[in-house]
Amino acid sequence: MNCPNEHGAMKKVMRVEETTFRGLAVSYGVELWTCTVCGMEAEDLSLAADNQRALSDAYRKTAGLLTGDEIIDGRKRLGWSQEELARVINVGVASIKRWERGQIQTPVMDRALRGAFTGRITDCDPYGGNRPLSLGRIKLVLLCFGRHLGKDLLKGKGNRLLYAGKYLWYADMISFRETGRSMTGATYAALPMGPQINNYADLVGLIREADEMVEEPLSDREERIIRRIAMAFPTDRSVFDASHKEPAWKSKRAGMLIPYSEAHTLTTI
Ligand SMILES: [Zn+2]
């Protein structure tokens, strides 16, 4: 970029800017094209975007909010895509992208993000069972059921998990009832054919492909719960019929979510 006062090429110079932003005093590094002769400063589009993000991050740091990089790091530490994080805290993926790029999240959303990163999402999400969604753990639970039932629950026609969804629901609900925590963090909806993972059609492929080896392995207690459920419901028909007797499912209109707080109403196991 050339100086508009005809002093030739400007140089990129970094300096510290102090300003008041949303009522807080913040200082942050800005990079500007600077003329060494007259001191004229200018931004191009790419510097403007970087400087905007530096201001946003300085503000977020001062205000006690996660910065863009902290959101990216928190998400990657859990091995989540932007889509997975969006699902866990129940926002659109566009919001995750904007916050990572520099838009400032509200304090409520900041708490939701921190909750998702630490696994403590009780106060913002009654539908995850005190655990962030883990597709790898869903796979672990289905593999464990498969060993007890003698069949592969990850198979099935297309994107349907008709019976697997019901076994998972029982495993998560009973785990929540007995340990205060679900096994997989999955959210369930009351569908006409029974309880099912919410948005399962989008998730089936991801569950099949998930790397279960990087997940926290099932505890002995979780394995025992799965064995109990497999023994109580040895066939597709039996788990189908049982789930259709549960008040937690019967009391919902089609598509409504089933909160984990209703785990204590289970009647068939
Ligand atoms: Zn100049």
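Reader: What does the side chain of Glu212 make a polar contact with?
Author: In this predicted model, the Glu212 side chain makes a polar contact with the side chain of Lys139, at 3.3 Å.

Reader: And is Glu212 buried or exposed?
Author: Buried, because its relative accessibility is 17% and the cut-off for buried is under 20%.

Reader: Where is Glu212 found?
Author: Glu212 sits in the loop that runs between α8 (200–209) and α9 (220–232).

Reader: Which residues does Glu212 touch, not counting those up to four places away in sequence?
Author: Gly136, Lys139, Leu140 and Leu143. Lys139 is also the partner in the polar contact.

Reader: Switching to Thr187. Where is that one found?
Author: Thr187 is in the loop between α7 (162–179) and β4 (188–191).

Reader: Which backbone oxygen lies 2.9 Å from a polar atom of its side chain?
Author: That of Tyr127. Tyr127 is also on the contact list of Thr187, along with Gly128, Gln196, Ile197, Asn198 and Leu257, once neighbours within four places in sequence are left aside.

Reader: Now the strands. Do β1 and β2 run parallel or antiparallel, and how many bridges join them?
Author: Antiparallel, with eleven bridges between β1 (residues 11–21) and β2 (residues 24–34).

Reader: What stands opposite Thr19 in β2?
Author: Val26.

Reader: How many residues lie between the strands in that hairpin?
Author: Two. In this hairpin, Arg22 takes a positive phi near 50°.

Terms used
Residues numbered from 1 in each chain as written. Predicted model: local features only at pLDDT ≥ 70, side-chain atom pairs only at ≥ 80, totals over all residues. Heavy atoms only, no water. Helix = DSSP H or I, 4+ residues; strand = E, 2+ residues; numbered from the N terminus. Buried < 20%, exposed > 50% of the residue type's maximum accessible area, 1.4 Å probe, protein only. Polar contact = N/O pair within 3.5 Å; in protein donor to acceptor, adjacent residues only side chain to side chain. Contact = heavy atoms within 4.5 Å. Pairing = 2+ DSSP bridges.
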